[in-house]
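Here's a quick briefing on charged pairs and a greasy spot. Have a look at the model first, then read on.

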Amino acid sequence: MVKNIISYILSFIMVALIIAIVAVSFLQNKVLNEDYWKMQMEQNNYYEKLEDTVNDGFENYIMQSGMDSSVFEGIYDLDKLKEDTNSIVHAILNNEEFKIDTSTIREKLDNNIRKYIKDNKVLVNKTTENQIQNFENAIINSYANSVLYSNSIVKTVSSITGKVKDVIPKVFIMVVILLIVNIVALIILNIKNIRNVLKFIAIIAFTIAGLSILGIILEKHFLGIQSLTVLNENISAIVQIFVKEIYRVLYTSTASGTVLGLLFSILCSNGSKNIAK
C-alpha cells in the first residue's frame, strides 16, 4: 500500500516535470529563438502588414501639412522595415539597447519636401521652415512608433527575456535530472512488479493528455487570447502566432499522451493475463 501511494506521488511529480520540460523546451526553441520569430513574421506577412500601418500613419499628416502623399515616396522600403523589425527582435531576445536609425528616412523626406516646394513654388520663410521641421519630426516619430510601438515596453520585455534566457539551460538540466531520479525511484519501488511500472506510465500519459485537453478548453472558452487585440493589430498578430504554437503543443501532447496511455494500458493488461496464466 505504501509503495503504491509513493508511486502515485512520484507519477504526479513526473507529470509536473514533463510539463516543465515541454514548457522550457518551448521557451528555448520557440519564444526565445530569434530565427523562429523571423521565419514566423515572414510566413505570416507581418512586414507587409506593418508597412500598411506605417503608411496609414503617414497619411494622417497629409491634411495637416497641405502637401500630398508624393512627399512620402521612397523615404523607406520593405527591406528597411524588415531590418528595423529584425533588429528590434534581436534586441529584445538578447537584452540589448536599441534605437531605430531614421536618418536616411529624414534625409529622403526632406529632399521630397524641398522638391514639392520647388515644383509648387511655395514661399519659404522662417515659419515655413519651422513647419517643415515639425512635419518631419512627426513623420519620423510616426514611423518609429509604428515599428517599435513603445520603447518602454521593449525595454521591459527585453529585461525579462534576458533573465529568462540566462536561467533556462540550468532549469532544463535540473528538471531532466529530477525526472530521471523519479523514473529510477519508480522502477526500484516496483522492481518486482513491472506491470505496476507500466500502469503508472499509463497514468502519467493519460494525465498529460487530460491536462492538455483542459488547457485547450480553457483557452477556447474562457481565455480567448487568440481573438484578443493586444496593443495594436500587428502586435496581436504576433500574439496569435504564439497562441497557435501553444495549441500545437497541446494537441501533440493530447495525441501522444492518449496513444502512449492506451499502449501501456494494453501492455499492462497483457502482463496481468500472462501472470494469471
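A salt bridge here means a side-chain nitrogen of Lys or Arg within 4 Å of a carboxyl oxygen of Asp or Glu. By that rule, the count comes to nine salt bridges. Keep in mind that this is a predicted model.

**Linking helix 1 and helix 10**
- Glu 245 and Lys 30 pair up through their side chains in a salt bridge, at 3.9 Å from N to O.
- That pair ties together distant parts of the chain, with Lys 30 in helix 1 and Glu 245 in helix 10 (residues 233-276), 215 residues apart.
- Glu 245 has a relative accessible area of 7%, so it counts as buried.
- Lys 30 comes in at 27% relative accessibility, so this one is partly exposed.
- Arg 248 joins in too: Lys 30, Glu 245 and Arg 248 form a network of salt bridges.

**Pairs within helix 6**
- Arg 114 and Asp 110 make a salt bridge at 3.4 Å, N to O.
- Both sit in helix 6 (residues 103-119), four residues apart, or about one turn of the helix.
- Arg 114 is partly exposed, with a relative accessible area of 30%.
- Lys 115 and Asp 119 meet in another salt bridge, at 2.9 Å from N to O.
- Lys 115 and Asp 119 are about one helical turn apart because they are four residues apart in helix 6.
- Lys 115 is exposed at 52% relative accessible area, while Asp 119 is partly exposed at 48%.

**Nonpolar patch**
- Met 1, Ile 5, Ile 9 and Ile 13 make a nonpolar surface patch of about 420 Å².
- Ile 13 belongs to helix 1 (residues 2-31), and its 37% relative accessibility makes it partly exposed.

Note on methods. Residues numbered from 1 in each chain as written. Predicted model: local features only at pLDDT ≥ 70, side-chain atom pairs only at ≥ 80, totals over all residues. Heavy atoms only, no water. Patch = residues over 30% accessible without salt bridge, like charges linked within 9 Å, V, L, I, M, F, W, Y side chains within 5 Å. Areas by Shrake-Rupley, 256 points an atom, 1.4 Å probe, with all protein chains shown as cover. Helix = DSSP H or I, 4+ residues; strand = E, 2+ residues; numbered from the N terminus. Buried < 20%, exposed > 50% of the residue type's maximum accessible area, 1.4 Å probe, protein only.
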